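Open the model in your viewer and keep the selection tool at hand.

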Amino acid sequence: QVQLVESGGGLVQPGGSVRLSCTAPGLNLDYYAMGWYRQAPGKLRELVASISSAGDIWYADSVKDRFTISRDNAKNSVYLQMNSLKAEDTAVYYCNTRWNLQSWGQGTQVTVSS
């Protein structure tokens, strides 16, 4: 059974940085395009960044030039480096495959506040 596990969130001040990690016991991430998604209170879940198995990367306009997605196939992990954080980045962040979504993990809360 596939399990997606996100970690690394927390409380961070505006302008600060945080790095999220995602691993997936039971799923070989090498073969999948992966995405980071977020859901803010009262809003729909949205895709913010994705990376293909070949390393092609896409960002939502709202995070472009601030967030960096990467993957380490040797560690079966995907990462999201988040810099210059804003209050509007506050959300629960999830990783999942870009296509043919797997069951969602618990996500990791990122709160940007002074």
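**Stop 1: charges and surface**

Select the charged side chains: the protein has 10 positive and 9 negative ones, and the centres of the two sets lie 2 Å apart. Lys and Arg count as positive, Asp and Glu as negative, while His and the chain ends are left out. Each charge is placed at NZ of Lys, CZ of Arg, CG of Asp or CD of Glu.

This is a predicted model: local features need pLDDT of at least 70, side-chain atom pairs count only at pLDDT 80 or more, and totals for chains, interfaces and linings use all residues. Residues are numbered from 1 along each chain as its sequence is written, and side-chain values use heavy atoms, without hydrogens and water.

Now show the surface. Its accessible area is about 6,100 Å², with 47% belonging to carbon and sulfur atoms (Shrake-Rupley method, 1.4 Å probe).

**Stop 2: the fold**

Switch to cartoon. The protein has 10 strands and 0 helices (DSSP runs, E of at least two residues for strands, H or I of at least four for helices, numbered from the N terminus). The radius of gyration is 13 Å, close to the 13 Å that the globule rule gives for 114 residues, so the protein is as compact as a globular protein of that length. That radius is taken over C-alpha atoms, and the rule is 2.2 Å times the number of residues to the power 0.38. Along the principal axes, the C-alpha atoms fill a box of roughly 40 × 25 × 25 Å.

**Stop 3: the core**

Select Leu20, Trp36, Ile69, Val78, Leu80, Met82 and Tyr93. Of the 28 residues in the largest nonpolar core, these touch the most other members. Such a core is a set of buried Ala, Val, Leu, Ile, Met, Phe, Trp, Tyr and Cys residues joined through side-chain atoms within 4.5 Å. Buried means under 20% relative accessible area, exposed over 50%, partly exposed in between (1.4 Å probe, protein chains only). Strands supplying at least two core residues each include strand 3 (18-23) and strand 9 (91-97).

**Stop 4: two loops**

Go to Asn76, in the loop between strand 7 and strand 8. Is Asn76 buried or exposed? Asn76 is buried, at 18% relative accessible area. Its contacts include Cys22, Leu27 and Asp30.

Finish at Asp65, in the loop between strand 6 (57-59) and strand 7. Asp65 is exposed, at 77% relative accessibility. Its C-alpha lies 9.6 Å from that of Met82, 17 residues away along the chain.

Technical notes
Contact means heavy atoms within 4.5 Å. Lists of a residue's contacts leave out its neighbours within four places in sequence.
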